[in-house]
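This report covers charged side chains and the ligand site. Please look over the sequence and the structure first.

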Amino acid sequence: MAARSKVNTPSVKRVRSIIAGRRPRPVRIEPSTNPALLGDMVAEVELLGSAGIVAACRAARAVQSSWASTPAPRRARVIQQAGRLVEANKEALARLLTREIGKPYIESLGEVQEIIDQCDFFLGEGRRLYGQTVPSEMPSKQLFTFRVPVGVSLIITAGNFPVAVPSWYMIPAFVCGNTVVWKPAEYTPALADALASLFIKAGLPKGVLQVVHADGPATQAGLAAALEEGVVDKVGFTGSTAVGRAIGELCGRHLQTPCLELGGKNPLVVMPDADLDLAVEGALFSGFAFGGQRCTSLGTVFCHEAIHTQFVTKFAAALAAARLGDPTKDVLYGPLMNQRFFDRFIEYLDLVQPHHTIHGSDGTGRITRKNPRRGFVGNPATGLFVHPTIVDGVRPDDALYATETFGPIVGVGRFSTMDEAIELANGHGYGLSSAIYTQSPEHVFTFRQGVSAGMLSVNNSTAGAESHLPFGGNGKSGNGSRQSGMWVLDQFTRWQAMNWDYAGHLQRAQIDVQDVPADLTFRLDGDR
Ligand code: NAD
């Protein structure tokens, strides 16, 4: 048992949903605790039932057309101001991130920076949002395209990137003229409240952003009712593949295409010509930074048989030497995010089979006084700390090969040909991120062509997206939608086509088109 050391918490913040209009009654109140210091209660959150989701969607519908008629550059100005406010509050928001989910402080700063980067990008997009003028096939006629907002967006997010991922949705949604209902993860209410306050203080008009705190079943029931009533037009969902399927089914019944960003089992392939020290550095960060709790965290390293033993020896030594512990210090990872992720991780350790060998730490499972980790930073008894585990000998028929483990456990397998490496990289059915370590352009491009992942790193970690490249996956990792940069505009706008005929008489498309005379029997004679 972890020692629930009492921490001086002057007054616990009570987090409520933000809904313009009426305030539905909470169905229950849940605590949010610091996973590194379980006696530290960060906030209490009032969870609403399904009615809260529907009420928020109605309120968002009521103001959507007035927000859409605000000129796009003015909408983007709000985003610019949000970016400035986030920048001015960067350290405070990063500290809260570290406190509420135990993300190492340096990575928390990186996560907050992602919001600022998105704001910078979408400030400019407010002055573009380009449509086109298109030539017509007839005279005295002009064709145009316009991007129009989709309407009310319900954004449902996981808590491992509790402020960056929601921003990836909300910032473009607002710039494009949509209103948003955001349903954050249950275990990050203080962060959700902080982020919403920054957007609202930046000048979002009342009702443009609603925040509903609710659990999974209430969210699903609320979404079903809101779709039925016609008060939601777009769903953005980031979370597990299982829940993504349920949301996809619901939206499909209403002929809607959600943006689904789901789980991953991301491969990292090490070719015989790779710089092994660089590959080890990349694998260590990909697999274990933030305790492997990223959708893009490394699932399995596939090593060419010629360098397999050498790689595993170096990888195990690097992991054994890594600093773990107090996330306010310079560590590779701190605690798992909350009890649910901790319990699930302990269950995943059962996937280790007798034919596997384990490396990288002094034990497995929870780090305690009796099951210590050499060099642990701080006191492991205060939080949800676990040993990191490398599992060598992973084969395609192992459950570990195809299960997203979302914690500090990384498999290692081997291959002998590029075809085999590609088959192993794809065979589990996920397709989010991937990496290859090699010096050969031929290996890079063969792998790029064969891998099914939406994202590919060459001599770099599987994790670490830049905010202006398309982000998203295929197969069990998503429905092909992409976030970030110009690509996300297609999630939050629809194309409208307009034709304007000023000929003064009806011109029928395809029928009243002037023909271009040509002699198609003409052939070059042989003497030329
Ligand atoms: P989860 O699917 O359990 O929960 C995600 C969100 O969905 C939460 O807000 C939760 O309250 C809500 N939810 C849960 N059940 C629901 C239901 N039946 N209907 C509607 N909403 C429901 O995910 P998690 O376990 O909290 O988060 C980890 C998962 O998220 C991992 O699989 C990870 O890979 C994935 N993830 C993906 C990305 C990406 O961009 N692809 C990013 C971050 C996390």
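Buried means under 20% relative accessible area, exposed means over 50%, and partly exposed lies in between. The model is predicted. Glu111 has 1% relative accessibility, so Glu111 counts as buried. Lys103 is also at 1% relative accessibility and therefore counts as buried. These two side chains form a salt bridge, with the closest N and O atoms 2.6 Å apart. The count of salt bridges comes to 19.

## Pairs that span the sequence

Arg28 and Asp215 meet through their side chains in a salt bridge of 3.0 Å, N to O. Arg28 sits in strand β2 (residues 26-34) and Asp215 in the loop between β8 (209-211) and α7, so the pair ties together parts 187 residues apart in sequence.

A second pair joins Asp233 and Arg61, whose side chains meet in a salt bridge of 2.8 Å, N to O. Asp233 lies in the loop between α7 and β9, and Arg61 in helix α1 (residues 50-68), so this pair ties together parts 172 residues apart in sequence. Asp233 is buried, with a relative accessible area of 16%. Arg61 counts as partly exposed because its relative accessibility is 29%.

## A salt-bridge network around Glu46

Which residues are linked in a network of salt bridges? They are Arg14, Arg16, Glu44 and Glu46. Glu46 belongs to strand β3 (residues 37-48). Its relative accessible area is 10%, so Glu46 is buried. The side chain of Glu46 also makes a polar contact with the side chain of Arg14, at 2.9 Å.

Residues up to four places away in sequence aside, Glu46 touches Arg14, Val15, Arg16, Ser17, Pro26, Arg28, Ile29 and His213.

## A buried arginine without a salt bridge

Arg373 lies in the loop between β13 (357-359) and β14 (389-392). What is the nearest side chain of opposite charge to Arg373? It is Asp362, 5.0 Å away. A salt bridge needs the nitrogen within 4 Å of a carboxyl oxygen. Arg373 is buried yet has no salt bridge.

Arg373 does have a polar partner. Its side chain makes a polar contact with the side chain of Ser361, at 2.9 Å. Beyond its neighbours within four places in sequence, the contacts of Arg373 include Leu319, Ala320, Leu324, Ile367, His387 and Pro388. Ser361 and Asp362 are also among them.

## The ligand site

There are 29 residues around the ligand. Lys183, Gln220, Ser240, Leu262 and Glu404 come nearest. An N or O atom in the side chain of Lys183 is 2.7 Å from an oxygen atom of the ligand. Backbone atoms take part too. A backbone N or O atom of Thr157 lies 2.8 Å from a ligand oxygen atom. For Leu262, a backbone N or O atom is 2.7 Å from a nitrogen atom of the ligand.

Taken alone, the ligand exposes 850 Å², and the protein buries 94% of that. The elements that give two or more residues to the shell are α7 (216-229), β9 (234-238), α8 (241-253) and α11 (339-348).

Terms used:
Residues numbered from 1 in each chain as written. Predicted model: local features only at pLDDT ≥ 70, side-chain atom pairs only at ≥ 80, totals over all residues. Heavy atoms only, no water. Helix = DSSP H or I, 4+ residues; strand = E, 2+ residues; numbered from the N terminus. Buried < 20%, exposed > 50% of the residue type's maximum accessible area, 1.4 Å probe, protein only. Lys, Arg positive; Asp, Glu negative; His and termini not counted. Polar contact = N/O pair within 3.5 Å; in protein donor to acceptor, adjacent residues only side chain to side chain. Contact = heavy atoms within 4.5 Å. Near = heavy atom within 4 Å. Areas by Shrake-Rupley, 256 points an atom, 1.4 Å probe, with all protein chains shown as cover.
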